[in-house]
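Thanks for passing this one along. Here are my notes, jotted down as numbered points.

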Amino acid sequence: MNAPADPSITADVSDEQRISDEERLFDELIANEQRIEPRDWMPEAYRKTLIRQISQHAHSEIIGMQPEGNWITRAPSLKRKAILMAKVQDEAGHGLYLYSAAQTLGITRDEMMQQLIDGRAKYSSIFNYPTPTWADMGAIGWLVDGAAICNQVPLCRASYGPYGRAMVRVCKEESFHQRQGFEILLTLMQGTEEQRRMAQDAVDRWYWPSLAMFGPPDDRSPNSAQSMAWKIKRFSNDELRQRFVGMLVPQAEILGVTLPDPELRFDEASGRYEMGEIDWDEFFEVLRGNGPCNTERLERRRTAHEDGAWVREAAAEYARRQASASALDEEVA
Ligand code: BYC
């Protein structure tokens with residue numbers, strides 16, 4: 001008589017089989033441009049990459065409220081104030097969709113927030129620059145939201161369903177944000193000499209950091225190849241930077257501003273823009289926490305988080321009471 005099969009070996013074999021079936025299905029879904037949903041099996045590295053990218057994106061939206069929040073009380077008219085408030089509020093909303101999308105991957109909002117306020121999580125380099133003048137609101141809208149649109153429209157097709165769907169709504173709002181920035185700059189450029197100078201100065205300060213938003217050059221971007229194979233990213237960092245510059249050049253002409261890159265020119269032969277070198281040392285310094293406003297931004301977020309503790313506690317207590325009241329109602333019924 002044969003000895004009975006060792007059940008642990010059988011379980012191992014069937015587990016392996018199951019994982020390879022699931023992996024095959026995952027690969028097929030990606031290859032066929034279908035979406036991966038939270039219920040689906042996914043490789044651990046895919047899950048981790050998404051948590052990394054989506055949470056960084058969410059943090060960027062939340063930290064990104066600060067440079068503009070700085071101008072809400074000082075916007076030059078009631079209309080400008082109302083528009084700016086709506087824009088900053090939209091950014092809070094974007095952060096919430098994105099935190100929710102990341103939560104579907106098995107991380108909690110508290111964990112993500114803790115990573116941010118401990119300084120362990122990254123957020124976009126761009127939000128570590130100061131906003132000393134009203135024209136900065138125009139330059140942020142035109143350049144920063146413009147860069148965000150170029151980067152995020154392809155993310156609407158990201159292979160992970162909840163991320164792609166969140167991006168659709170975010171992009172609609174970003175395009176309104178970009179236009180309001182353009183319109184602020186256009187108004188200033190049609191104003192006095194001093195206003196024109198202010199607008200040009202803001203464009204000079206935001207242009208290079210907005211190009212750096214797309215991330216390091218392709219040959220220094222460790223995550224791009226895998227993220228593109230998984231169809232999370234659809235274009236490389238340099239490809240998106242090219243698109244962005246192509247979008248800016250005609251708009252700068254309409255505005256009457258100069259893009260502060262003397263080397264910028266379109267090369268007919270390659271069909272690409274040639275441009276001056278981005279200061280990557282500055283970019284990596286900002287990522288290391290040494291940008292002009294890193295400390296201030298994180299400190300402000302930490303304080304806001306601590307100040308908001310009572311609101312979170314009150315909301316949780318209210319939800320608990322509502323839940324026990326409805327459980328009681330059900331029992332009575
Ligand atoms: N800032 O291998 P790479 C907004 C990091 S919100 C900081 O190319 P990946 C808005 C990168 O994370 C704008 N870090 O990475 C809000 C990686 O580090 P880790 C935010 C950056 O992920 C309010 C390392 O450098 N948008 O627009 O393939 C008001 C190597 O890079 C940056 C998003 O988050 C940066 N700029 O590509 C107005 C979009 N760039 O994580 C506007 C979603 C790179 O390995 N994210 N790093 O430690 C993405 O599309 C991609 O994550 C990135 C980077 C293109 C940003």
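1. Which residue forms a salt bridge with Asp21? Arg24 is the partner, and the closest N and O atoms of the two are 3.2 Å apart. Bear in mind throughout that this is a predicted model.

2. As for where that pair lies, Asp21 and Arg24 both belong to helix α1, which covers residues 7-31. They are 3 residues apart, about one turn of the helix. In general, side chains of opposite charge can pair when their charged atoms come close. With a cut-off of 4 Å between a side-chain nitrogen of Lys or Arg and a carboxyl oxygen of Asp or Glu, the count comes to 23 salt bridges.

3. Now to the ligand, which sits in the largest pocket. Around the ligand I find 32 residues, and the closest are Gln56, Lys122, Ser221, Lys233 and Asn237.

4. Lys233 places a polar side-chain atom 2.7 Å from an oxygen atom of the ligand. Gln56 also uses a polar side-chain atom, at 2.8 Å from an oxygen atom of the ligand. With Met213 it is a backbone N or O atom, 3.1 Å from a nitrogen atom of the ligand. As for cover, the ligand has 1,000 Å² of accessible area on its own, and the protein covers 90% of that.

5. Which helix gives the most to the shell around the ligand? That is α2, with 6 residues.

6. Last, the make-up of the shell by class. Among the residues closest to the ligand are Lys122 and Lys233.

Notes: Residues numbered from 1 in each chain as written. Predicted model: local features only at pLDDT ≥ 70, side-chain atom pairs only at ≥ 80, totals over all residues. Heavy atoms only, no water. Near = heavy atom within 4 Å. Polar contact = N/O pair within 3.5 Å; in protein donor to acceptor, adjacent residues only side chain to side chain. Areas by Shrake-Rupley, 256 points an atom, 1.4 Å probe, with all protein chains shown as cover. 1 Å grid on protein atoms, 1.4 Å probe; cavity = no way out; pocket = protein on both sides within 12 Å on 5 of 7 lines; lining within 4 Å. Sits in = over half its atoms within 2 Å of the grid points. Helix = DSSP H or I, 4+ residues; strand = E, 2+ residues; numbered from the N terminus.
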